[in-house]
Amino acid sequence: MNAYLVGADVLGNIPQVLAQHGIAVQKHVSGRNVAHQRKPPSLNGADLLILFTDFLSHNVMKAYRELANEENVRFVACRRSVCALSQSLEKLNEVRDCTECPKRKKCK
């Protein structure tokens, strides 16, 4: 799985955390550059969009979320910390099978 990361000047240990979840960094943009704040033309085949909220404005996050929805790419928004990213990725990979979900009766 490839991820498009938006936000954060330096990734630090984040690529290692992503690798533990089977995710590779396809592209990283800091979000501070004016060119990065505009809506990108495409996510270039990324499977996942990760937004680091403590480095982005609301308008930048909105533009990237809308693009992810248009291209049917899942996205995660979290703070730029290893713990916050790990928690968000774990929520993303939670139970997908409705037969095992404890809330299945409430959904229908």
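1. Helices (H or I, at least four residues) and strands (E, at least two) are DSSP runs, numbered from the N terminus. With that in hand, take Asn-72, which is found in the loop between H3 and E4. This is a predicted model, and the points below should be read that way.

2. Start with the overall plan. The protein chain has five helices and four strands. Followed along the sequence, these elements give the pattern β-α-β-α-β-α-β-α-α. Of the 108 residues in the chain, 35% count as buried.

3. Check the confidence before the details. The mean pLDDT of the protein chain is 83, and 85% of the residues score at least 70. Where is confidence lowest, and where is it highest? Helix H5 (residues 104–107) has the lowest mean, 53. Strand E3 (residues 48–52) has the highest, 94.

4. Now the sheet. Four strands form an open sheet in the order E2-E1-E3-E4, and the pairing is parallel. Which strands stand at the edges? They are E2 (24–29) and E4. Each of these has a single partner strand, so one side of each lacks a neighbour in the sheet. On average, neighbouring strands are turned by 20° against each other, direction ignored.

5. Look at E3 and its partners. Strand E1 (residues 2–6) runs parallel to E3, and four bridges join them. E3 and E4 also pair in the parallel sense, over five bridges.

6. Five of its five residues are buried, so the strand is largely enclosed by the rest of the structure. In a regular strand the side chains alternate between the two faces of the sheet. How does E3 point its side chains? Leu-48, Ile-50 and Phe-52 point one way, and Leu-49 and Leu-51 point the other way. Both groups are buried.

7. Next, charged pairs. Side chains of opposite charge can pair when their charged atoms come close. How many salt bridges does the structure hold? The count is one. The side chains of Arg-79 and Asp-54 meet in it, at 3.7 Å from N to O. The pair links distant parts of the chain, 25 residues apart. Arg-79 sits in the loop between strand E4 (74–78) and helix H4 (82–92). Asp-54 sits in the loop between E3 and helix H3 (58–70). Arg-79 is exposed because its relative accessible area, 54%, is over 50%. Asp-54, at 36% relative accessibility, counts as partly exposed.

8. Then the cysteines. A disulfide is a covalent bond between the sulfur atoms of two cysteines. A search of the whole structure finds zero disulfides. Is Cys-78 buried or exposed? Cys-78 is buried, since its relative accessible area of 5% falls under 20%. Cys-83, in helix H4, is exposed, with a relative accessible area of 57%. The C-alpha atoms of Cys-83 and Val-17 are separated by 9.3 Å, although these residues are 66 residues apart along the chain.

9. Last, the backbone. Most residues other than glycine have a negative phi. Which value does phi take at Asn-44? Phi of Asn-44 is near 50°, which is positive in a residue other than glycine. Asn-44 lies in the loop between helix H2 (34–37) and E3. With a relative accessible area of 48%, Asn-44 is partly exposed.

10. Asn-72, from point one, also has a positive phi, about 55°, although it is not a glycine. Its loop runs between H3 and E4. Asn-72 is exposed, with a relative accessible area of 72%.

Methods: Residues numbered from 1 in each chain as written. Predicted model: local features only at pLDDT ≥ 70, side-chain atom pairs only at ≥ 80, totals over all residues. Heavy atoms only, no water. Disulfide = S-S within 2.5 Å. Buried < 20%, exposed > 50% of the residue type's maximum accessible area, 1.4 Å probe, protein only. pLDDT = per-residue confidence, 0-100. Salt bridge = Lys/Arg side-chain N within 4 Å of Asp/Glu carboxyl O. Pairing = 2+ DSSP bridges. Axes fitted to C-alpha atoms, helices over the stretch in contact; angles between N-to-C directions.
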